[in-house]
Amino acid sequence: MTSLRAASLLLLLLASFIGTVTASPNETTWQSLQNNVLSYLILVIPAALFIRYFRQHPDVIKSNAEQINSDARYRTKSYSQIVVCSSLARQCVFGEEDTLAAGSTGKNGSSPENSKEGSSSSSSDIDVEAGTGLTRKETMMKSAMQLLFCVAGLQGSYLTWGVLQEMIMTRSYGTDEDGNEIRFTNSQYLVFINRILAFIAAYIVCRMTTQPRHTAPLYRYSFASMSNIMSSWCQYEALKYVSFPTQVLAKSSKIIPVMIMGKYVQSKTYPAYEYVCAAILSLGVSLFLFAKAEDEGKLDTTNQQNTSLMGLLLLVGYMAFDSFTSNFQAHLFNSYKMSSYQMMYGVNLFSCIFTLWSLIQHGTFSECLRFTAEHPDFMVQAVILSITSATGQMFIFYTLSKYGALVFAIIMT
């Protein structure tokens with residue numbers, strides 16, 4: 001435990017030093033990547049060390065919990081903080097994994113209900129689905145309507161979100177003393193507002209509706225949150241270094257990386273013909289986008305930048321992080337049988353922490369707050385943007401829980 005404290009103290013001292021250094025407005029992509037990764041590591045490494053220690057020594061938390069329950073002193077108001085901290089530590093590090101393990105019966109940790117579902121689906125020659133009273137045709141129609149609902153919700157939410165984001169980032173909020181237009185350029189602050197509202201919405205839904213028992217350790221949501229943040233950063237930075245045809249090929253080829261990542265994250269295996277179908281679908285989407293871009297004159301090479309090695313690396317990073325995010329979230333759904341709102345709550349909890357930490361480390365959080373206070377119309381637009389983002393997240397997690405990462409990637413391609 002001594003080495004753990006020493007490492008954490010060293011990283012906290014490093015954090016205090018870096019917190020005094022603000023990001024340069026003219027920093028390169030490589031410098032921005034270094035600053036972001038270092039600021040996140042300062043937050044993540046101490047947390048990872050503590051979680052690893054407590055998982056290797058579970059009696060440290062569990063014995064404290066038993067002492068709190070048995071000792072009458074801890075039931076008084078003066079010891080309420082100890083009770084809260086012990087409960088939060090247990091939920092963050094362990095969750096209710098012991099409950100989940102006790103309820104599982106199969107080799108893969110599947111519950112009795114899942115075993116019944118597996119046996120009923122294997123005997124698929126019956127005309128009526130067990131427990132539903134619906135014929136197989138009616139069940140397929142219901143599933144098709146749910147899928148169309150997901151497609152419409154995802155496309156509608158994020159098309160609206162994209163239009164609103166472009167409007168906020170490109171409009172003028174008046175002029176300064178020198179007559180220059182005032183614009184808001186910090187997209188990370190918008191992400192922070194989006195995550196805060198989505199977190200509050202998920203919390204309210206989870207508190208006011210009946211949800212399945214939450215068994216996942218909270219720290220596991222941080223993996224999906226961090227990969228989602230890094231995929232967004234790689235996507236935005238890559239636009240500075242790649243040509244339009246390269247962008248088209250990257251966006252239309254997301255299905256294959258999702259399938260490859262699914263093999264490692266979820267231990268999924270896809271037959272060879274599914275990879276062929278994914279390649280054909282990617283090729284078809286690419287041809288469609290190229291034809292549309294040619295009609296709009298976007299393939300004119302006179303004013304286009306050439307694709308650099310940095311741009312290709314950023315695109316690879318974007319596809320890798322994005323593929324990991326959807327597959328890991330699907331893995332959590334399958335492992336812990338949580339609801340889409342519980343997933344939304346956990347992921348946005350850590351997204352709020354990470355984005356707030358990054359804003360503070362870069363010294364831009366106070367500036368963004370001051371801009372918000374001086375321009376109330378910006379705040380109204382940001383809240384509307386956050387509502388569309390939260391709605392889109394609800395559709396994302398519902399689609400992942402129902403159909404998995406591959407179907408979600410096809411919808412968003």
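Which residue just after α11 takes a positive phi? Serine 267 does, with a phi of about 55°. Before going on, the ground rules: this is a predicted model, in which local features need pLDDT of at least 70 and side-chain atom pairs count only at pLDDT 80 or more, while totals for chains, interfaces and linings use all residues. Residues are numbered from 1 along each chain as its sequence is written, and side-chain values use heavy atoms, with hydrogens and water left out.

Overall, the protein has 16 helices and zero strands; these are DSSP runs numbered from the N terminus, H or I of at least four residues for helices and E of at least two for strands. Of its 413 residues, 35% count as buried, meaning under 20% relative accessible area, with exposed over 50% and partly exposed in between, using a 1.4 Å probe and protein chains only.

Back to α11. Its buried residues are Ile255, Pro257, Val258, Met259, Met261, Gly262 and Val265. In the loop between α10 (244–252) and α11 sits lysine 254. Is lysine 254 buried or exposed? Lysine 254 is buried, at a relative accessible area of 14%. Leaving aside neighbours within four places in sequence, lysine 254 is in contact (heavy atoms within 4.5 Å) with Tyr318 and Asp322.

Tyr318 and Asp322 also belong to the part of α13 that meets α9. On the α9 side, the residues include Tyr221, Trp233 and Ala238. The two helices pack at an angle of about 155°, with axes 8 Å apart; axes are lines fitted to C-alpha atoms, for helices over the stretch in contact, and angles run from 0 to 180 degrees between N-to-C directions. That makes α9 roughly antiparallel to α13, the label for angles over 145, with under 35 roughly parallel, 65 to 115 roughly perpendicular and the rest oblique.

Now the largest nonpolar core, which has 38 residues. A nonpolar core is a set of buried Ala, Val, Leu, Ile, Met, Phe, Trp, Tyr and Cys residues joined through side-chain atoms within 4.5 Å. Among the helices that give two or more residues to this core are α9 (221–238), α11 (255–265) and α13 (309–336). α16 gives the most, with 10 residues. Leucine 332 is among the residues with the most contacts inside the core. Apart from neighbours within four places in sequence, leucine 332 is in contact with Arg220, Tyr221, Lys337, Met338 and Met343. A second, separate core of 15 residues includes Tyr173, Phe184, Leu359 and Ala382.
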